[in-house]
Amino acid sequence: MNDRRRPAHLTPHNAATFQIPGVVSNYHLRTPYPPELAPFLLGLMSPRTAAVLELGCGTGEIARMLAPHVGRIDAVDISAPMLEAARSMPSGDHPAIAWIHAPAEHAPLAPPYGLAISGDALHWMDWEVVLPKVRAALAPRAHLAIIGAKCEPPWSAQLLDPIARYSVMPDFERYDLIDELTARNLFVKSGEAAIGPAQFTRSVEAYVDALHATAGLPRERMGPAAAHAFDEEVRTIVLPHAIHGVLSLEASAHVVWGSPG
């Protein structure tokens, strides 16, 4: 067992934020993945038509993108409300998708998989349990791809102060997930790539709502007064960048792939 200290904010309490109704209902407003991500991931598959495993699928954006092109995708999430939302979204009823309600650490799997993928949800999992489990479920020479969505508008730096003041995670620590996994001998990186950017738009109100679909800023935990004050500060920052109340944004994805250890 590796004795490296886990970042303090990665707790079950904070992870459970993604079962809060308000977080679930706004989750689809977060930064989307660029459409080029799907063909890129398909190119990593071994073989191309094999089954795919996604851990921490949330509302299933990636699973729904890949479903028409794979034999099966097992999409796992600990949050039943997230999976309910996923089923209701476009292609959420695709026959290739098996929605699996379970924590990644104990999810029933059907290997072998030609590709395993995970996004930000991997941060919250028990890495010492999940990474060896993924390794055992992958086909020979198959990859685990770790994906992050990025959106860095011109006002990003201005948001740092209100986010820090209103966050319900005062113990938040910045860290690099790939570095942590590598240092624990749980991941061996084979490559990385930037996908995108792709243009998308959000109304100012939808942009504000998306900020509340995060572990640090759920309205239900902030309380009405703090949430209202935060929203007013964010509107003041972003409104000068909006045209008729709509923000033009760019979404990118950062993909790191390799072997779980």
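Modeller: What follows takes the terms in turn and sets values against definitions. This is a predicted model, in which local features need pLDDT of at least 70 and side-chain atom pairs count only at pLDDT 80 or more, while totals for chains, interfaces and linings use all residues. Residues are numbered from 1 along each chain as its sequence is written, and side-chain values use heavy atoms, with hydrogens and water left out.

Colleague: What is the order of the strands in the open sheet?

Modeller: Helices (H or I, at least four residues) and strands (E, at least two) are DSSP runs, numbered from the N terminus. Two strands pair if DSSP finds at least two bridges between them. On that basis seven strands form an open sheet with mixed pairing, in the order S3-S2-S1-S4-S5-S7-S6.

Colleague: Why do S3 and S6 stand at the edges?

Modeller: Strand S3 (97–101) and strand S6 (187–203) each have a single partner strand, so one side of each is left without a neighbour in the sheet. From one strand to the next, the twist averages 20°.

Colleague: What makes S6 and S7 count as a pair?

Modeller: The definition asks for at least two bridges, and S6 and strand S7 (residues 246–260) have 14, in the antiparallel sense. Ile-195 stands opposite Ala-253 in S7. S1 and S2 also qualify, with four bridges in the parallel sense, and here Leu-53 stands opposite Asp-74 in S2.

Colleague: Which way do the residues of S1 point?

Modeller: In strand S1 (residues 52–55), Val-52 and Glu-54 point one way, Leu-53 and Leu-55 point the other way, and all are buried. Buried means under 20% relative accessible area, exposed over 50%, and partly exposed in between (1.4 Å probe, protein chains only). In a regular strand the side chains alternate between the two faces of the sheet.

Colleague: Why is Glu-84 called exposed?

Modeller: Glu-84, which is found in helix H5, has a relative accessibility of 57% and therefore counts as exposed. The C-alpha atoms of Glu-84 and Val-24 are separated by 9.6 Å, although these residues are 60 apart along the chain.

Colleague: What makes a group of residues a nonpolar core?

Modeller: A nonpolar core is a set of buried Ala, Val, Leu, Ile, Met, Phe, Trp, Tyr and Cys residues joined through side-chain atoms within 4.5 Å. The largest has 31 residues, and Leu-37, Leu-41, Leu-66, Ile-117 and Ile-147 have the most contacts inside it. Its largest share, five residues, comes from helix H3 (residues 37–44). A second, separate core has 29 residues, including Ala-51, Ala-116, Ile-146 and Ile-178.

Colleague: How do you know that the buried residues of H7 line one face of the helix?

Modeller: In helix H7 (residues 156–166), the residues Leu-159, Pro-162 and Tyr-166 are buried. Seen down the axis of H7, its buried residues fall within an arc of 65°, so they line one face; the arc is that of the directions from the helix axis to the C-beta atoms. Ala-157 and Ala-164, on the other side of H7, are exposed.

Colleague: Why are H7 and H11 called roughly antiparallel?

Modeller: Axes are lines fitted to C-alpha atoms, for helices over the stretch in contact, and angles run from 0 to 180 degrees between N-to-C directions. Angles under 35 degrees count as roughly parallel, over 145 as roughly antiparallel, 65 to 115 as roughly perpendicular and the rest as oblique. H7 and H11 pack at about 175°, with their axes 10 Å apart, and are therefore roughly antiparallel to each other. Contact means heavy atoms within 4.5 Å, and among the residues making it are Leu-159 and Ile-163 of H7 and Phe-230 and Val-234 of H11.

Colleague: What makes the backbone at Arg-141 and at Pro-112 worth noting?

Modeller: Most residues other than glycine have a negative phi, and most peptide bonds are trans. Arg-141, in strand S5 (residues 138–150), has a positive phi near 70°. Arg-141 is also exposed, because its relative accessible area is 72%. Pro-112, in the loop between S3 and strand S4 (113–118), is joined to Pro-111 by a cis peptide bond with omega about 5°. Another cis bond joins Gly-196 and Pro-197, with omega about 10°, and Pro-197 lies in strand S6.
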